[in-house]
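Please read the sequence and the model side by side, keeping the numbering at hand while the paragraphs below move through the fold.

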Amino acid sequence: MNPDALPPIHKLYTQEDAFALRESLRGSGGRTVLTNGCFDLLHPGHVYFLQEAAKQGTQLWVALNGDESVRSLKGPTRPILPEKFRAYALAALDCVYGIFLFQTPRLDNEIRRFRPDVYVKAGDYTMESLAAPEREALQEAGSEIRFLPFLEGFSTTGLIAKISAAQSL
């Protein structure tokens with residue numbers, strides 16, 4: 001699995017380019033939506049959530065946890081797929097406008113710079129379970145926070161467990 005074998009990912013931006021593009025579009029009348037996540041082993045639950053998230057504004061940006069970030073949150077065996085593969089899969093979705101990577105466990109600094117109009121998370125999150133630094137950054141940015149319905153029955157952790165069980169047979 002060589003990530004460099006992939007063609008260029010047209011929706012993947014550096015943080016600086018993503019923040020600059022966001023600024024250039026500010027005031028154009030549209031609403032910029034931001035979400036974030038690992039999106040390791042992209043599954044129907046992810047696709048459903050991203051399609052619903054895109055309906056919350058005019059352009060959906062995904063802040064994708066980079067490999068270092070995923071390891072710090074999920075442990076040494078994750079991610080299953082490297083960040084470039086995960087970005088490639090996300091970029092194939094029409095509902096995703098742009099993607100940028102971040103390597104820290106939390107997104108608060110990036111939120112302060114990106115200043116989304118709307119921030120969305122899946123319904124398995126609540127205002128209380130949202131990381132306090134991210135919540136504070138969203139409030140400082142004046143972002144509206146929305147929690148979208150969670151499509152039951154899909155999880156990356158569940159998929160990994162199912163694959164592991166199948167290999168044990």
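How many aromatic pairs does a search of the whole structure find? The search finds six, where rings of Phe, Tyr and Trp (its six-membered ring) pair if their centres lie within 6.5 Å, with planes under 30 degrees apart counted as stacked, over 60 as edge-to-face and the rest as tilted. One of them is the tilted pair of Tyr-13 and Trp-61, at 5.2 Å centre to centre and 50° between the planes; it links distant parts of the chain, since Tyr-13 belongs to strand S1 and Trp-61 to strand S3, 48 residues apart.

This is a predicted model, in which local features need pLDDT of at least 70 and side-chain atom pairs count only at pLDDT 80 or more, while totals for chains, interfaces and linings use all residues. Residues are numbered from 1 along each chain as its sequence is written, and side-chain values use heavy atoms, with hydrogens and water left out.

Six strands form an open sheet with parallel pairing in the order S1-S4-S3-S2-S5-S6; strands (E, at least two residues) and helices (H or I, at least four) are DSSP runs numbered from the N terminus, and two strands pair if DSSP finds at least two bridges between them. The edges are strand S1 (12-13) and strand S6 (144-148), each pairing on one side only. Strand S3 (residues 59-65) runs parallel to strand S4 (residues 98-102) and is joined to it by five bridges, with Val-62 opposite Ile-99 in S4.
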